[in-house]
Amino acid sequence: MNTTPIPGFPGSVAPGDVNNLDLVSQVTVSSVSLTVILPGGDVNKDGIVDEADVTLAETYLAGDGGESATNRQDTLIGLGYTPAEALEFLNLTDFDIDGDDTFDAADVAAIEALLVVPDVVIESSGFNGDSFEVQVSGLVSGTTYYLMRDSDLSDGANFTTEADSVEASSDTATLSDGTPPADQAFYQVTE
């Protein structure tokens, strides 16, 4: 620790004093340690809670071809382990999302509840021949989406006419209205 006052500090050290070892101390950093705080439910430790975490939890719960997590926990508890010790021994503590000292289907459901569902975004739209096409992104694979139409918003947005639907196989899709109204139409994409 330098106990000698540095002229101009705090504020600015005079340029001629920067290399004056009587006035300025030098610190060498030999290592830096970063701590990453992962969100709860991020069981694969990639920084986000997504479908991959649910899949991993389901695989571990089912046993991945071996004994299920429930059976392995029960075996250890039968040998005198506490439920928390059994989870720690099996390296499943991070999978106990609901904090009841067991890893079970309720924990997989808790991870699913944490999923951040992306917003469906209409990227573009326009006519392709007689059809009106809507390109959307932010879809979740395996989820069915509906292109809903309303032709009059004066009574509120009542998107009651289904124009098209698609089961998403990727995060983008094109939905088409093969019979758009001649005068005006408003569209919404819903699950």
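Where is the place of Asp 64? I looked it up in the model, which is a predicted one, and found Asp 64 in the loop between helix 1 and helix 2.

Next entry, another Asp. Asp 101 is not a glycine either, yet its phi is positive, at about 65 degrees. I traced Asp 101 to the loop between helix 3 and helix 4. With a relative accessibility of 35%, Asp 101 goes down as partly exposed.

On to helix 2. Which residues of helix 2 are buried? I get Ala 69, Gln 73 and Leu 76, in a helix that covers residues 69-78. Looking down the axis of helix 2, I see these buried residues fall within an arc of 65 degrees, so they line one face of the helix. I then asked what they pack against, and noted helix 1 (51-62) and helix 3 (83-89). After helix 2 comes Gly 80, and its phi is positive too, near 105 degrees.

Then the helix 1 and helix 4 pair. How many degrees is the angle at which helix 1 and helix 4 pack? I have about 175 degrees, with the axes 9 Å apart, helix 4 being residues 105-114. Angles over 145 degrees count as roughly antiparallel, and helix 1 and helix 4 are therefore roughly antiparallel to each other. I listed who meets whom: on the helix 1 side Asp 53, Val 54, Ala 57, Glu 58 and Leu 61, and on the helix 4 side Ala 105, Val 108, Ile 111 and Glu 112. Sorted by class, that contact has 6 nonpolar and 3 charged residues, and no polar ones.

Last entry, strand 3. Why do I call strand 3 largely enclosed by the rest of the structure? Because 5 of its 7 residues are buried, the strand being residues 144-150.

Conventions. Residues numbered from 1 in each chain as written. Predicted model: local features only at pLDDT ≥ 70, side-chain atom pairs only at ≥ 80, totals over all residues. Heavy atoms only, no water. Buried < 20%, exposed > 50% of the residue type's maximum accessible area, 1.4 Å probe, protein only. Helix = DSSP H or I, 4+ residues; strand = E, 2+ residues; numbered from the N terminus. Arc of directions from axis to C-beta. Contact = heavy atoms within 4.5 Å. Axes fitted to C-alpha atoms, helices over the stretch in contact; angles between N-to-C directions. Parallel < 35°, antiparallel > 145°, perpendicular 65-115°, else oblique. Nonpolar A, V, L, I, M, F, W, Y, C, P; charged D, E, K, R; others polar.
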